[in-house]
Amino acid sequence: MRTWGATSCMVFEKSLRLSQPAAASYGPGAVTNIMQVDSARFDFAFFHLNFIFSMPLMLVLGVVLLYRNLGIAAFTPLLVMGVMFPLNKMLVKRLMNLSRETSIARDARIKVLMEVVHAVRLVKMLAWERRIMDLVRQMRDAEMRRIARFKAFEVLNGLVWQGMPLMLPVLTFGAFLALGGILDTALVFSSLALLDMVRIPMNLFPQALQVVIQVKVGMDRI
């Protein structure tokens, strides 16, 4: 919260010192968007940033403990993550590009709205209300299309990482049986508890990664 407020104040103070050509190149929409949207991304950044370091450690610890129960089959979660890494890399890259495109579209819409507010008397005198409404609606529709694509890829990324942990018990026990292991009640229940420990970082890590991506885009814009 303090970082959010400090960043907003810093951007506002910097905008007051911009020269006229520099201020015109940014426009009121970009500055307002940076203060209200990009700076607000720091609000959850530090909370999720801890997951980037703690979740891989928790995953490794869970696999080590699982190795004591299932042997080589305990590395099945790491193998699944390795297989899904190219898809995750593609989704992360696409999410970052869509986040940048959404910010640019939002800047353009806010710039038009600010110009309309400043020239509202002229708009009323010339009876341009319908034209201005159509223009703003077009800008908003373009922004919403980018937001929809961003959310679609965000949901796909979540489905990939949320769906994989559900398959971990089947894949892990299947690998254990294929390697000649014998399952009993004590082994199954203790291994399921350890698989829950492995499932937590696999669920939380992609969420943290999405937040970090948005913070990275916001930092580049600031």
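With a relative accessibility of 40%, R137 counts as partly exposed, where buried stands for a relative accessible area under 20%, exposed for over 50% and partly exposed for the range in between, computed with a 1.4 Å probe and the protein chains only. The coordinates belong to a predicted model, in which local features need a pLDDT of at least 70 and side-chain atom pairs count only at pLDDT 80 or more, while totals for chains, interfaces and linings use all residues. Residues are numbered from 1 along each chain as its sequence is written, and side-chain values use heavy atoms, with hydrogens and water left out.

The protein contains seven helices and zero strands, these being DSSP runs numbered from the N terminus (helices are H or I, at least four residues; strands are E, at least two). Along the sequence, the order of elements is accordingly α-α-α-α-α-α-α. Of the 222 residues of the protein, 36% count as buried.

Helix α3 comprises 26 residues, and the distance from its first C-alpha to its last is 37 Å, close to the 38 Å expected at 1.5 Å a residue; the expected span is 1.5 Å times one less than the number of residues. Within α3, a kink of about 35 degrees is found at F53, shortly before the proline P56, the bend being the angle between axes fitted to the seven residues ending at a position and the seven starting there. The buried residues of this helix include A45, H48, F51, M55 and L59, together with G62, V63, L66 and L70. Just after α3, G71 adopts a positive phi of about 70 degrees.

Helix α4, which covers residues 76–118, has 43 residues and should therefore span 63 Å at 1.5 Å a residue, a value with which the 61 Å between its end C-alpha atoms agrees. This helix is also bent, by about 45 degrees at F85, and the proline P86 follows within four residues. L78, which is placed in α4, counts as partly exposed because its relative accessibility is 36%.

The largest nonpolar core is made up of 11 residues, namely L59, V63, V80, M81, L91, V160, W161, M164, L168, V198 and M202; such a core is a set of buried Ala, Val, Leu, Ile, Met, Phe, Trp, Tyr and Cys residues joined through side-chain atoms within 4.5 Å. Two or more residues of this core come from each of α3 (45–70), α4, α6 (129–178) and α7 (185–221), and α6 gives the most, with four residues. One of the core residues, L168, is located in helix α6 and is buried, its relative accessible area being 1%. The C-alpha atom of L168 lies 9.6 Å from that of L192, although the two residues are 24 residues apart along the chain.

Four salt bridges were counted, each requiring a side-chain nitrogen of Lys or Arg within 4 Å of a carboxyl oxygen of Asp or Glu. In one of them R109 pairs with E143, with 2.3 Å between the closest N and O atoms. Because R109 lies in helix α4 and E143 in helix α6, this pair ties together parts that are 34 residues apart in sequence. Both R109 and E143 are buried, and the relative accessible area of E143 is 1%.

E143 also meets R140 in a salt bridge, at 3.1 Å from N to O. Taken together, R106, R109, R140 and E143 are linked in a network of salt bridges.

A further salt bridge joins R137 to D134, and here the closest N and O atoms are 3.1 Å apart. R137 and D134 are three residues apart in helix α6, which means that about one helical turn separates them. D134 counts as partly exposed, at 30% relative accessibility, as does R137 at 40%.
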